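Let's take a walk through this protein model, one feature at a time. Keep the picture open while you read.

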Amino acid sequence: MSLDLTPKQTEAARQFEICNACRYCEGYCSVFPTMFQGRVFGESDITQLANLCHNCRGCYYACQYTEPHEFALNLPAALAEVRSESWERFAWPSRPAALFQRHGLALALGPILGIALLFWLVARLPGGGEGFYSYLAHTAMVAIFMPVFVLPLVTLAVSLRRYWRSVNGAPIRPSDLLSGIRDAAKMKNLDGGQGQGCNFEQEDRFSNARRHAHQAVLWGFLLCFGSTASGTVMHYLFDIQAPYGPFSLPKLLGVPGGVLLVVGTTGLAWLKTRAARNLGDASAWGGEMAFILTLGLAGLSGLALYWAAGTALVSALLALHLGTVLTFFLTMPYSKMAHGFYRMAALIRNAQVKRGA
């Protein structure tokens, strides 16, 4: 075993070797077929397997070597801890990632309230636009949100490059990308290998609730992003100014997207309170919950803002919504939002491994 491994990676490698000898869980998810291709596990193997794991926990409840057995296997927790460690290591800069994972609720709530207060104070000043722009000018919104949107993406790109080099990723073929997108869209690794779901919140009983909640969040986020993108195109290319009507493309995408975000994040938060913390990275629980609640609040405040149009509530709700969205993007490279990018990279790398790259 390599002396270069961290203590958490060393523990994961120990458990891999035992799993490799047993092989009972071969059909559970993509982790096990990939794991069973090797005998000795280096840092790149462990990092890749940790980020490929979806923490469905089916292997734990099927395992005969969990405590009180002397092997004391807890593969979901071992992989979750390595996964969190890898995000901290690859993040650029790394310090905010460690802070957010351990103090996420405070580091999300503080900026949301603080930024919302600033936006609310700005909204009290006389404006010259229409609709929402009468509270905050369009040019001011662009000046604030453009760098906040671009800089986190640059940070994530650096982090993902570090990850890709760590797992010995090869040049990506279109087939690799399509395979990763297909597995992510279907949440393939949350179906328990047999389509019956995972064991995240009901111990040895199977459930698709987490899979469905993840899909709601994924598609809700994509719809909301599409809503913003379509509004940008309408504004700059067609000179169609906000506010948009109820049957406009931004509204037809944004309203269902907001509903899916609220439903999905509420479901994930509820499931997380029911799940055993010792089967994940307990130190990152607060950061994970902060990400879920921040994303859910972005959807909820956006919907509330839509329904409150034309009322005295718009100023406060707009400030809350903008504060939440701004905080979401500022923390994106360091919150669990980054796991979506790492997970996609792991799925793409797994497609490469399957074809021998």
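## A charged pair in a helix

Start with E11 and R14, whose side chains join up in a salt bridge, with 2.8 Å from N to O. Keep in mind that you're looking at a predicted model. Why can these two meet? E11 and R14 sit three residues apart in helix α1 (residues 7–22), so about one helical turn separates them. In general, side chains of opposite charge can pair when their charged atoms come close.

How many salt bridges does the structure hold? The count is five.

Next, find the loop between α4 (58–62) and α5 (75–90), which is where P68 lies.

Now look at the bond that joins E67 and P68: it's a cis peptide bond, with omega at about 15°. The loop between α4 and α5 also holds A72. A72 isn't a glycine, yet its phi is positive, at about 50°.

Turn the model to find a nonpolar surface patch of about 930 Å². Which elements give two or more residues to it? They are α7 (138–166) and α9 (209–236).

Helix α7 provides the largest share of the patch, with four residues. As for I240, look in the loop between α9 and α10.

## Two helices packed together

Finally, head to helix α10 (residues 249–274) and helix α11 (residues 285–307). They pack at an angle of about 150°, and their axes are 8 Å apart. Is the crossing of α10 and α11 left-handed or right-handed? It's left-handed.

On the α10 side they include V255, G258, V262, T265 and L268, and on the α11 side they include W285, M289, I292, G296 and L303. What kinds of residues make up the contact of α10 with α11? There are 14 nonpolar ones, along with five polar and three charged. Among the residues you can pick out in the contact are K251 and K272 in α10 and E288 in α11.

Definitions and conventions: Residues are numbered from 1 along each chain as its sequence is written. This is a predicted model: local features need pLDDT of at least 70, side-chain atom pairs count only at pLDDT 80 or more; totals for chains, interfaces and linings use all residues. Side-chain values use heavy atoms; hydrogens and water are left out. Axes are lines fitted to C-alpha atoms, for helices over the stretch in contact, and angles run from 0 to 180 degrees between N-to-C directions. A crossing is left-handed if the near helix is turned anticlockwise from the far one by less than a right angle, and right-handed if clockwise. Contact means heavy atoms within 4.5 Å. Ala, Val, Leu, Ile, Met, Phe, Trp, Tyr, Cys and Pro count as nonpolar, Asp, Glu, Lys and Arg as charged, and the others, Gly among them, as polar. Patches are made of residues with over 30% relative accessible area and no salt bridge: like charges are joined within 9 Å, nonpolar side chains (Val, Leu, Ile, Met, Phe, Trp, Tyr) within 5 Å. Accessible areas come from the Shrake-Rupley method with a 1.4 Å probe; for residues, only the protein chains shown count as cover. A salt bridge is a side-chain nitrogen of Lys or Arg within 4 Å of a carboxyl oxygen of Asp or Glu.
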